[in-house]
Every structure is written in C-alpha cells, then in structure tokens.
Amino acid sequence: MATVVCHQAITSHRPSNSFKASHFPKEPLNVPIKLRQKQFKIQATASQAPLLDPVLSPSKNIPQSYKKKSNEASLILIRHGESLWNEKNLFTGCVDVPLTEKGIAEAIQAGKRISNIPVDLIFTSSLIRAQMTAMLAMTQHRCKKVPIILHDESEKAQTWSHVFSEETRKQSIPVIAAWQLNERMYGELQGLNKEETAERYGTQQVHEWRRSYHIPPPKGESLEMCAERAVAYFEDNIQPELAFGNNVLIAAHGNSLRSIIMYLDKLTSQEVTSLELSTGLPLLYIFKDRKFMRRGSPVGPTEAGVYAYTKRLAQYRQKLDETLNQ
C-alpha cells in the first residue's frame, strides 16, 4: 500500500474524553496514562516489571517521573463483527445495534488470532457492537484477564463500579469507551436500505456519500469529519499509551478505523477512500521509535504469526507459557 504524504487534513480542535482511574488506583501498568497522572500513590511490584529495559518516555503527555515499560508496543485494530443492520444491508452509522450470530463468531475468531499478543488497555467506541467485539475477543486471550469498562459518566457511576480487590485489579484490563471512535454518522441515511437508497438517489450519488472523503450524506458526517475526531482522540489519548509501552487494542468501526489507518500509514485522502476493512479481522502495528510499523493480520495461536517478528512479543509468549504451566 502506498505511503505518500503525511495526513494533513486533521488539524482542528481536539475533542476531550476525560476518564478516571479510581477503579484501578494501584496498577500503574494497567491504567491509562491520564489516570496515572492523578495523585495516586503507585507502587510497582516485581510482577509488573517490563519485558525490556525501561527508558524515559519521550511523550509530552507523560510525566518525566514515569518510565516506559518497553521501547516498543503493540497496537491491534479490530473492526466489529457483523451487526444486525449489516446483515439487513441498512445504513447503521451511530445507531446502536448488536452483533449477529455471525458477528459473534467473527469476534471470537478475532480473539483467537490475537490470543498471544499482549493487551494492557482496550479502547472501544460507545456503541455496543464494538464493545461486544472487544469483550468476546478477550475471552479467547491466553492471559485470561477480564476486560472491565471504566464508567466516568458520574461520580456515582465511578463509586459504584469501583474494584476493591487489588488481586482482582491485577487480573483485569481497563476498557475505555469513547464516542470519538464511533462510526461515521450517516445522518438521514441511517436506517435506510442501501440498495433502495441507491435506486432513489442514484448509484453515483450514494457512492459519493459512502466513499467520498469530503462529501457528507444529508445531515451526516463526511469521512473527513469522522477522521477529525477519531485521529484527534488517537493522538491525544491512545498514542501516549503506546509511547509509554502499553499494548493497546482498539475495537471500533469501518470509518473510524480507516481514519486511524490513514494517520498510521500516511495515506492521502484519495487512497483512504479505497481502503476496505473486513469485519472481525484484526490488524497489528508495532509502535517503536515513534513510528508505526504495520505487521498485517495475526493468523492464529498455533501458527507462525506476526507476533513472532519482535523480541518483546516473543518474550511475552515465553513468559505467558511459563505462567500458565506453573
């Protein structure tokens, strides 16, 4: 895939998505960086030692008092499995519909493909189909840690969802749901049948609404508008985690992930419009020396997959094998 000029279009306001870490106050390697910046007294244990020698983090969003877990990190991208409206060929956008049986199977299969790749943090959209995909995928992970959605919508939500067992926190993975990772909002097309819409407005018009970078559907978002919020969120909230050495899984949607891939692979607005992402098929990137290296899709836990390309992932597999065999 060509990598030409860097993505220039995404330059405007950074949307914020504040979250709190009272759920995991003593787990420095298991909570988001913005949460670690709060006034928690964090004490690392021997079991939390990084797999490679830590170095000072270069990220401007990370306090200099913290040290990186590693000089590289894994980034896994998964488009949600087939939804009920995918099955019915309806424009879904930001309508919150669940997965089909096929979509559930796709999420589980995706989990098997990434089961040997370390995951420290999970980011999803606020939509149930992305959250189901992340949760189902993690049921297949060899670490056997439980993904827990962090709730920051109110003080009561934070208090009521607090985890009081330190041991349980160690066996948990925080899940941050962010509306900025939602699917592109399709406006007045949401709920309409795609074929019937093409017959009504013309195939060319519907193609422009769906595949153009700049043209939005009626009262909806263009891909450019979706990219603005998704990439801004990625830069402000997810990339600092990778810079710190945390391994991140993102379960989101076709257009929000296309936007992020446009940023990672430095695609032009013309190239990204032809980018297709299959449902439930994970993609792996390695973040090292402030650069993203695409590794393709993991093939499964019993085959020679992309996770074998890096020293850290090989060490992770060895450590995980030793832990599971104890």
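**A friendly note on this predicted model**

1. Let's start with the overall contact pattern. Among contacts in the protein chain between residues at least 6 apart in sequence, 75% join residues at least 24 apart; contact here means heavy atoms within 4.5 Å. This is a predicted model, in which local features need pLDDT of at least 70 and side-chain atom pairs count only at pLDDT 80 or more, while totals for chains, interfaces and linings use all residues. Residues are numbered from 1 along each chain as its sequence is written, and side-chain values use heavy atoms, with hydrogens and water left out.

2. Next, the inventory. The protein chain has 12 helices and 7 strands. Helices (H or I, at least four residues) and strands (E, at least two) are DSSP runs, numbered from the N terminus. Of the 326 residues, 51% count as buried. Buried means under 20% relative accessible area, exposed means over 50%, and partly exposed is in between, using a 1.4 Å probe and protein chains only.

3. Now take a look at helices H9 (residues 223-244) and H10 (residues 254-265). They pack at an angle of about 65°, and their axes are 8 Å apart. Axes are lines fitted to C-alpha atoms, for helices over the stretch in contact, and angles run from 0 to 180 degrees between N-to-C directions. On the H9 side, the residues in contact include Cys-226, Val-231 and Phe-234, and they meet H10 residues including Ile-260, Tyr-263 and Leu-264. By class, this contact has 9 nonpolar, 4 polar and 2 charged residues. Ala, Val, Leu, Ile, Met, Phe, Trp, Tyr, Cys and Pro count as nonpolar, Asp, Glu, Lys and Arg as charged, and the others, Gly among them, as polar.

4. Lys-194, Thr-197, Ala-198 and Tyr-201 of H7 make the contact with Thr-203, Gln-205, Val-206, Trp-209 and Arg-210 of H8. These residues divide into 4 nonpolar, 3 polar and 2 charged.

5. A search of the whole structure finds 0 disulfides. Cys-94 is partly exposed, at 28% relative accessibility, whereas Cys-226 is buried, at 0%.

6. Leaving out residues up to four places away in sequence, Glu-221 touches Glu-183, Arg-184, Met-185, Pro-216, Cys-226 and Arg-229. Glu-221 and Gly-187 are 34 residues apart in sequence and 7.1 Å apart in space, C-alpha to C-alpha.

7. Finally, visit the loop between strand E6 (283-288) and strand E7 (291-296), where Asp-289 lies. Asp-289 has a phi near 55°, a positive value in a residue other than glycine. Arg-290 lies in the loop between E6 and E7 and has a positive phi of about 65° although it is not a glycine. Asp-289 is exposed at 60% relative accessibility, and Arg-290 is exposed at 59%.

Technical notes. Disulfide = S-S within 2.5 Å.
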